[in-house]
Amino acid sequence: MQLYKSQRLQVYNSLTGKKEDFEPLNEGYIGMYVCGPTVYSNVHLGNCRTFMSFDMIFRYLRHLGYKVRYVRNITDAGHLENDAEEGEDKIAKKARLEQIEPMEVVQRYTVDFHEILDKFNFLPPSIEPTATGHIIEQIEIIKDILEKGLAYEVNGSVYFDVNKFNQENHYGKLSGRKLEDMISNTRELTAQGEKRNPQDFALWKRAEPQHIMRWPSPWGDGFPGWHLECTAMSTKYLGETFDIHGGGMDLKFPHHECEIAQAEAHFGCPPVRYWLHANMLTLNGKKMAKSTGNNILPNEIFSGENKIFSKAFSPAVVRFFMMQAHYTSILDLSNDALEASEKGYKRLMDSFETLKKLEVSDNTDFDIGRWKQSCYDAMNDDFNSPVLIAQLFEAVKHINQIREGKEKIGKADLELLIETMHAFVFDVLGLENKQEGIGDSALLAGVVDVLIGLRNDARSNKDFATSDKIRDQLLDLGIQLKDGKDGTSFIIS
Ligand SMILES: [Zn+2]
């Protein structure tokens with residue numbers, strides 16, 4: 001039986017403002033779309049947090065036994081400056097400033113994005129489509145919305161008619177805004193340009209002669225509006241209605257609101273069943289922004305080359321830090337917080353070493369089955385990773401008690417404890433056992449154990465030259481072997 005059948009997962013749905021039982025459209029299968037990065041600069045740490053939240057969600061859904069198709073796009077055209085309707089394309093601007101091809105900009109920052117996500121141990125999405133690879137699909141959707149009378153063309157640009165759409169539908173259902181309020185708030189603005197209404201948004205923009213990123217269309221050369229690509233790519237791979245749409249809280253309005261309007265206009269049905277939004281990351285209590293200097297890149301944290309933190313922190317520690325907050329809460333990054341996370345991470349990883357050495361008894365002093373379910377209960381409660389981590393430390397406390405002989409554990413329970421710890425720490429939270437300075441300590445311990453075995457073989461064959469050589473060469477590497485009555489152990493200096 002798949003795990004999801006015995007677990008009751010609830011998610012906070014931004015669309016209804018409620019925590020709801022999660023039921024996928026097709027039993028056992030989940031379609032999930034997450035708005036990906038606009039690849040015109042190095043990936044922002046705040047964006048990493050958003051993508052990490054959905055990586056953890058993806059991992060947990062897979063752990064429950066669902067077959068998940070996870071689509072996360074790359075925005076390589078159409079995203080204008082300040083997320084606005086007017087202005088330069090972010091990628092085209094970077095290309096102009098650096099005098100390189102727009103696709104060079106896209107390539108450079110897509111590679112950077114993947115490198116950083118690899119360091120953070122992300123699982124790759126099932127499909128990673130690009131906006132420029134789906135121009136035809138976007139044009140088809142625009143043609144249909146125009147035919148339905150819910151968009152209009154002006155001078156080679158096409159705008160979505162929000163007012164008209166709102167007559168029969170509800171524009172603002174996700175963000176909780178009312179169109180009348182939005183209109184009265186913007187009435188004083190005079191320069192509306194080509195739009196009938198300031199709330200209308202571009203489905204297609206005419207390319208001015210100097211605009212390098214351009215595609216032919218029934219309305220002349222141009223490029224698609226930013227909101228449209230997500231509608232085209234999500235529904236192409238996941239269907240007209242799919243299970244989960246995720247993204248940063250900042251995308252809720254207008255981006256996701258516009259996605260809903262476009263999809264409902266085109267398909268006549270709501271595109272998404274559960275909208276999930278991840279909250280932002282602040283730095284020393286303030287919003288992160290390049291313009292104020294209150295900003296740091298992931299690589300600057302990993303290398304320690306920055307003026308904000310006292311030392312370098314590994315990607316695993318930063319990941320652990322991010323997992324210690326619920327994905328819908330604001331999380332503040334600071335030196336103290338990272339140092340505390342580093343200690344916590346080390347304590348958690350050390351427990352895996354201790355687990356290997358525990359001696360088993362006939363009975364167990366703590367209820368492993370109940371503890372295991374409490375780990376699931378945490379994750380079933382809208383992916384509550386901080387509560388899960390508290391449960392993992394509850395286990396660490398018992399592991400240390402058992403090591404000190406103050407508690408007992410039976411053989412089967414020890415196996416269940418090891419299996420559950422592995423599943424939640426490595427598979428679900430996506431942490432890696434990489435302790436700073438000594439590389440992957442689990443791997444290293446395994447290798448040293450092999451060498452200890454070879455040395456024991458040599459000693460029993462009275463081949464003391466080989467056994468001494470193994471001992472001395474390990475010592476040169478800072479690994480000291482200690483022979484005791486229970487066998488050989490080692491310490492790393
Ligand atoms: Zn999007």
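The structure is a predicted model, in which local features need pLDDT of at least 70 and side-chain atom pairs count only at pLDDT 80 or more, while totals for chains, interfaces and linings use all residues. Residues are numbered from 1 along each chain as its sequence is written. The domain assignment gives domain 1 (3-278), domain 2 (282-428) and domain 3 (441-492), these bounds coming from an automatic or database domain assignment.

**Domains 1 and 2**

- The C-alpha centres of domain 1 and domain 2 lie 33 Å apart, and 25 residues of domain 1 are in contact with 22 residues of domain 2, where contact means that the C-beta atoms of two residues, placed from the backbone, lie within 7 Å.
- On the side of domain 1 that touches domain 2, at least two residues each are supplied by β1 (10-13), α1, α3 (102-119) and β10 (272-278); helices (H or I, at least four residues) and strands (E, at least two) are DSSP runs, numbered from the N terminus.
- The most is given by α1, with 11 residues on that side of domain 1.
- By class, the side of domain 1 that touches domain 2 has 12 nonpolar, 8 polar and 5 charged residues, with Ala, Val, Leu, Ile, Met, Phe, Trp, Tyr, Cys and Pro counted as nonpolar, Asp, Glu, Lys and Arg as charged, and the others, Gly among them, as polar.

**The largest nonpolar core**

- The largest nonpolar core has 112 residues, and F160 and L203 have the most contacts inside it; such a core is a set of buried Ala, Val, Leu, Ile, Met, Phe, Trp, Tyr and Cys residues joined through C-beta atoms within 7 Å.
- The largest share of this core, 10 residues, comes from α1, and because domain 1 (3-278) and domain 2 (282-428) both give residues to the core, it lies between them.
- Leaving aside neighbours within four places in sequence, L203 is in contact with I142, I145, A151, V158, Y159, F160, G225 and L228.

**Helix pairs**

- The axes of α4 (residues 135-147) and α7 (residues 226-238) come within 9 Å and cross at roughly 105°, the axes being lines fitted to C-alpha atoms over the stretch in contact, with angles from 0 to 180 degrees between N-to-C directions.
- The helices α4 and α7 are therefore roughly perpendicular to each other, given that angles under 35 degrees count as roughly parallel, over 145 as roughly antiparallel, 65 to 115 as roughly perpendicular and the rest as oblique.
- Their contact involves E137, Q138 and I141 of α4 together with L228, E229, T231, A232 and K236 of α7, and these residues divide into 3 nonpolar, 2 polar and 3 charged.
- For α1 (residues 45-63) and α14 (residues 411-428), the axes come within 9 Å and cross at roughly 140°, so that α1 and α14 are oblique to each other.
- In this second pair, M56, R59, Y60 and H63 of α1 meet A423, D427 and V428 of α14, a contact made up of 4 nonpolar, 1 polar and 2 charged residues.

- Not counting residues up to four places away in sequence, F51 touches L117 and F122.
- H44 lies in the loop between β3 (29-34) and α1 and counts as partly exposed, with 19 C-beta neighbours inside 10 Å.
- The C-alpha atoms of H44 and N295 are separated by 8.7 Å, although the two residues are 251 residues apart along the chain.

Definitions and conventions
Buried ≥ 20, exposed ≤ 12 C-beta atoms within 10 Å, placed from the backbone.
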